[in-house]
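Please look over the sequence and the model shown here before reading on. The report is meant to be read with both at hand.

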Amino acid sequence: MEDKLLEKIESPQDIKNLSVKELENLSDEIRQEIVSVVSKNGGHLSPNLGVVELTVALHKVFDSPKDKIVFDVGHQCYAHKMLTGRYKQMDTLRKEGGLSGFPSHLENPNDAFGAGHSSTSISAAYGLQCANILNDDDSYVVAVIGDGALSGGLAFEGLNNAGRSKKNFIVVLNDNKMSISKNVGSMARYLTSIRVNPSYLNTKSKVERFLTKIPVIGKGLLGFFRGLKNFIKRRVFKSRTIFEDMGFYYYGPFDGHNIGELISALNAAKRKKGPVLIHAVTTKGKGYEFAEKNPKGFHGTAPFDVDTGLTNGGSKSYSDVFGETLCQIAEKDEKICAITAAMQLGTGLSSFAQKYKSRFFDVGIAEEHAVTFGCGLAMGGMIPVFAVYSTFLQRSYDQIIHDASIQKLHIILAIDRAGIVGEDGKTHQGLFDTSFLNNIPNVTILCPSYFDELRFMLKNAIYNESEIVAVRYPRGRELYKPKNFLIKDSKYVFFGDEKSDILIITYGRLFSFACECMERLEKQGISACILKLNTVKPIDSGAVIRAKDFKYCFFFEEGISCGGIGEHFLCKLIENDFTGKYTLTAIDDQYVEQSTVASALKKYKLDTDGMEEVILKKIKCDGELCGKEKT
């Protein structure tokens, strides 16, 4: 059996001498490897399959890492990782201690700029190019961005600055979803192929130089012919592209799966002086039937069966319950509006989008706009519910303060993927929302531990609270619930022996681990009580007053410790003359790397084992039995 081409690729230099046919075969091998790895590890399948040939062409034309290729997010970087010496590590993708699912400069110098959130590539790449100019470095910088990422305002800020600068700069638009330019067809392709042909470019330059040398009328003739060219172009292409209006030379659209055509276009871009945008049209999910038919479903996927395309469906998730509940509320209340930032499926809003089309707003990858847009809806008398992953809400910090909080507007933030999320790693962990929201006035934060709590908290957020209300819930399904625990519509709940010395304080899904921990302690003759905070901001004074009488308070928080709820609760205790001992277990001034959720919770002592260990270590150090009742 003939050896795989991919087996021989240890750096981008190894593809420089391959023919176009060999590069096509290499692309097929890369595509097979992507399907194989993602089927086992999960990850972003459809977008990575669509960009294989484009990535191969980029590495054929440019010399990474000297030339910088900046990929937007990580939805396009798997083929790039294979071509830059990481093919043999691909089975570790998204695993603990393995390759990141996103570009990471700390992982490999060929990853020119790290990215976990969308729309950053143009700004970052333009910064790199300006640094090159300042350092007298003539290497190239290329930004690779998807058409979906162009819905983010940061992408246009980058285009605006790069386009008006007139500096040499290349942007590659990977268009795999929507038609950005109308000039698609045989005539457009023919004219584009002429424009990027070296002989055309050389002839054009010679003619321009010749005309400028003609005395008196030379410049006039040059202006006339340029005007004539632009007139013909406008008549054929119907209109200039937005990229040309922003100062870019526009080449395209090209077949993003035709390596030969892409190589010609990229080489032409290298020769062109000034900012250039190459428009490549690709097929999301290319080469894997199930992903081509369902590109959204396979955008980010759990492990699946390659032959059937089926994943382990699993049980109902918090996202599902949120979507169902919001639909039920919207059926009776025409003021309810749902907003998403290009995450309709992920946030459970697909049914809402179908049933209430006029009240559903997908604003694209534009979280800042989503919040301010929601504020406009609220000012107009509607009730906006913005469903967003915790990690993406970070981008809206300014808007939450200025547009929502200061104006005391009633908007609901349905914060999905709160807490540790797992294999997507440090860029996607939902660890900061409680900390930064905790410091903003006019914000209420509700944290359900179970589905039923999510249902009534969402209703409370809409009808019984005012101003900004955040309802935050984790990824996945609900966890262990003791048989004798009754869900109550209250701001806090004490569960267990209130006469004991030990109080475990927590919120969200960690309550399940706290219950298991309490049961373990009881088997060892150690009584304990749990304070479950349903409303973590503001903290109810009644909860603090009752908590201050415990000898030991152990606060467990699935979030960043600095500025979090645990720190705030301690301040409230001290204000109320707490004399006991307080232990806070949270994420301390660091990012959580990729791993399974279970592994991360265990590492940071936030699961059942960790809680038990923290409590026993503390009380044993103090020589306490902690089994006696309070007097």
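The sections below go from the whole chain to single residues.

## The model and its confidence

This is a predicted model, in which local features need pLDDT of at least 70 and side-chain atom pairs count only at pLDDT 80 or more, while totals for chains, interfaces and linings use all residues. Residues are numbered from 1 along each chain as its sequence is written, and side-chain values use heavy atoms, with hydrogens and water left out.

The term pLDDT stands for the predictor's confidence in each residue, from 0 to 100. Its mean over the chain is 89, and 88% of the residues reach 70 or more. Over residues 178-184, however, pLDDT stays under 50, and the model has 16 contacts for this stretch beyond four places in sequence, where contact means heavy atoms within 4.5 Å. Residues 627-631 also have pLDDT below 50, with 11 contacts in the model beyond near neighbours in sequence.

## The chain as a whole

The chain holds 24 helices and 17 strands; helices (H or I, at least four residues) and strands (E, at least two) are DSSP runs, numbered from the N terminus. Of its 631 residues, 55% count as buried, a word that means under 20% relative accessible area, whereas exposed means over 50% and partly exposed lies in between (1.4 Å probe, protein chains only).

If we take the contacts between residues at least 6 apart in sequence, 77% of them join residues at least 24 apart.

Which elements do the buried residues of α4 pack against? They pack against α1 (20-41), α2 (46-50), α3 (52-61) and β1 (68-71). Helix α4 itself spans residues 78-86 and is mostly covered, with 8 of its 9 residues buried; among them are Y78, H80, M82 and R86.

The loop between α4 and α5 (121-134) contains S104, which counts as buried because its relative accessible area is 14%. Leaving aside neighbours within four places in sequence, S104 is in contact with D111 and G114. S119 lies in the loop between α4 and α5 as well, and its relative accessible area of 1% is why S119 is called buried. Although S119 is not a glycine, it has a positive phi of about 75°.

H257 is found in the loop between β4 (249-255) and α11 (259-271). Is H257 buried or exposed? Its relative accessibility is 16%, so H257 counts as buried. Not counting residues up to four places away in sequence, H257 touches R31, G50, E53, V281, T282, T283 and K286. With T283 in particular, a polar atom of the side chain of H257 lies 2.9 Å from the backbone nitrogen of T283.

D175 belongs to strand β3 (residues 169-175), and D175 counts as buried because its relative accessibility is 5%. Although D175 and A280 are 105 residues apart along the chain, their C-alpha atoms are separated by 5.9 Å.

## Backbone details

Two peptide bonds deserve a look. A cis peptide bond joins G252 and P253, with omega at about 0°, and P253 is part of strand β4. Another cis peptide bond joins K537 and P538, with omega at about -5°; P538 has its place in the loop between β15 (535-537) and α21 (541-547).

K408 has a positive phi of about 55° although it is not a glycine. This residue, K408, sits in the loop between α17 (397-405) and β9 (411-416), and K408 counts as exposed because its relative accessibility is 52%.

## Enclosed space

The structure holds 6 cavities of 30 Å³ or more. On a 1 Å grid over the protein atoms alone, a cavity is a set of points where a 1.4 Å probe fits but cannot get out, and lining residues have an atom within 4 Å of a point. Grid points are joined across faces, edges and corners, and a volume is the space filled by probe spheres set on the points.

The largest cavity contains about 90 Å³ of space. Its lining includes A418, C447, R472, Y507 and E558.

Note on methods
A polar contact is a pair of N or O atoms within 3.5 Å; within protein, one must be able to donate a hydrogen and the other to accept it, and residues adjacent in sequence count only if both atoms are side-chain atoms. On a 1 Å grid over the protein atoms alone, a cavity is a set of points where a 1.4 Å probe fits but cannot get out, and a pocket is an open set with protein on both sides within 12 Å along at least five of seven lines; lining residues have an atom within 4 Å of a point.
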